[in-house]
Amino acid sequence: MKICARTDVHYAIRDVVAWADKVPGEKIHLNIGDPDKFDFDTPEWVKEGMIRAIRDGKNYYGRSEGNPEVLKAIAQRDEKFSGRAPDHSIVTQGVAESIEFLFASLMDKGDNILLPSPIYPQYLAACTMNCGEPREYHCIEEEGWNPDPEDMRKKIDDRTRAIVIINPNNPTGAIYSKKFLQGVVDVAAEHDVPIISDEIYDMITFDDYTPMSSLAKDVKLVSLNGISKNYLSPGWRMGYSSFYNCDELYESCLRLARIRLCANTPASYGLLAAYTGDDSHIEPLKKKLLTRRDLMMKRFDEMGLHCVEPKGAFYAFPQCPGDDREFVKGLLEKEKVLTVFGSGFGEQGKGHFRVVFLPDEATLSEACDRIERYVKSL
Ligand SMILES: Cc1ncc(COP(=O)(O)O)c(C=O)c1O
């Protein structure tokens, strides 16, 4: 049977689970960015929003772009957050589906999209799936993993169809400074290419944060967001894309949205409840995460693993000795701690590994003891 080359895609975050399945015994999982697998849960009022929708009979196919009251809540939230409401939004099955619509709309064979390196792996796969080239630009580790606009300028050409940024970042936990964001806007303006700004962690911040839509006023912009992380509901698959100054791209994504009918209607009412609630879960969430981040940073420092301090989200991306795949495999086999090899996040991920700091302190301490023992054994 012929299987198309464009399906030769990889997603390191889940690919390592197949390795773990072959290793007997209990493992400590530091590989997956799912807070609900640890001691976090969806806020009650968000759950109520979805349950109420089911009870009220909203179990029908919704509109392909999302129902009007849900779109209104998104526009109001975006405006409150960045001072600017989008021209249009489309509700999708997680940010994952927004990425699929955008890349399918933008890429033909021979086109490229500029991606930050290291990069959340779905973006690499989305290029392969659309027969396009993922072209990685540098993020500067010494500058808190901020993106390098000069490297973007070197890599951009007349087949570049978009520039992606992820802020706050997975896998590095970086929050981009205004200066660097302005640099990205300047490059996009010079070449008239749209910016795709993935902001799915924009409420999980431990430092000043600037939404791209507040800066990128005169360029084409799509911002991506959802409730998987900010409202602790990744299993609901509820996200959206918001379009600024790019009606044609919106129309194309809308055509793609129609062929898959609609996103999950009851879950979209969970998003409505989230966006009209009081966000009282955020401060306790950040407090817990900060304690865990600080614990991990202290331990990495003590064991001599260099790690840029994460300023947002719940990932840390330390350097590791030797080949990162071998390091992660060895750590799993010898100490039963599951992490993700950095090269799974693209070129600049090499020589690093990604951990989540979602587990409670006792589990994290145990994981750090094991990592330390493993590092010393090398
Ligand atoms: C940067 C980034 N974008 C998108 C996603 C996928 O989000 P969703 O659950 O909304 O599909 C993730 C999930 O980890 C992510 O880290």
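Me: Let me start with the terms: buried means under 20% relative accessible area, exposed means over 50%, and partly exposed is anything in between. Which of those labels does Tyr 60 get?

Reply: Start with the percentage, then see which range it falls in. This is a predicted model, by the way, so each value here is computed from it. Tyr 60 has 40% relative accessibility, so Tyr 60 counts as partly exposed.

Me: Okay, and where in the chain is Tyr 60?

Reply: Look for the elements on either side. Tyr 60 belongs to the loop that links helix H2 (44-55) and helix H3 (68-82).

Me: How far apart are Tyr 60 and Leu 338 in sequence and in space?

Reply: Keep two separate counts here, one along the chain and one through space. Along the chain, Tyr 60 and Leu 338 are 278 residues apart. Through space, their C-alpha atoms are 40 Å apart.

Me: What does the side chain of Ser 98 contact?

Reply: For a polar contact, look for a pair of N or O atoms within 3.5 Å. The Ser 98 side chain has one with the side chain of Thr 92, at 2.8 Å.

Me: Which atoms of Ala 96, Tyr 201 and Arg 237 lie by the oxygen atoms of the ligand?

Reply: For Ala 96, a backbone N or O atom lies 3.0 Å from a ligand oxygen. For Tyr 201, a side-chain N or O atom is 2.6 Å from an oxygen of the ligand. Arg 237 also uses a side-chain N or O atom, with 2.6 Å to a ligand oxygen. As for cover, the ligand taken alone exposes 400 Å², and the protein buries 94% of that.

Me: Where does the ligand sit?

Reply: In the largest pocket.

Me: Backbone angles next. Which peptide bonds are cis?

Reply: Read the angle called omega for each bond. The bond from Ser 117 to Pro 118 is cis, with omega near 5°. Pro 118 is in the loop between strand E3 (112-117) and helix H5 (122-129). Asn 167 and Pro 168 are also joined by a cis peptide bond, where omega is about -5°. The loop for Pro 168 runs between strand E6 (160-166) and helix H7 (178-191).

Me: And phi? What is the phi of Asn 245 and of Asp 279?

Reply: Asn 245 isn't a glycine, yet its phi is positive, about 60°. Asn 245 lies in the loop between strand E9 (239-244) and helix H9 (247-259). Asp 279, also a residue other than glycine, has a positive phi near 60°. Its loop lies between helix H10 (265-275) and helix H11 (282-302).

Me: How do Asn 245 and Asp 279 count for accessibility?

Reply: Back to your opening ranges! Asn 245, at 35% relative accessibility, counts as partly exposed. Asp 279 has 21%, so it counts as partly exposed.

Technical notes:
Residues are numbered from 1 along each chain as its sequence is written. This is a predicted model: local features need pLDDT of at least 70, side-chain atom pairs count only at pLDDT 80 or more; totals for chains, interfaces and linings use all residues. Side-chain values use heavy atoms; hydrogens and water are left out. A polar contact is a pair of N or O atoms within 3.5 Å; within protein, one must be able to donate a hydrogen and the other to accept it, and residues adjacent in sequence count only if both atoms are side-chain atoms. Accessible areas come from the Shrake-Rupley method with a 1.4 Å probe; for residues, only the protein chains shown count as cover. On a 1 Å grid over the protein atoms alone, a cavity is a set of points where a 1.4 Å probe fits but cannot get out, and a pocket is an open set with protein on both sides within 12 Å along at least five of seven lines; lining residues have an atom within 4 Å of a point. A molecule sits in a cavity or pocket if more than half of its atoms lie within 2 Å of its grid points. Helices (H or I, at least four residues) and strands (E, at least two) are DSSP runs, numbered from the N terminus. Buried means under 20% relative accessible area, exposed over 50%, partly exposed in between (1.4 Å probe, protein chains only).
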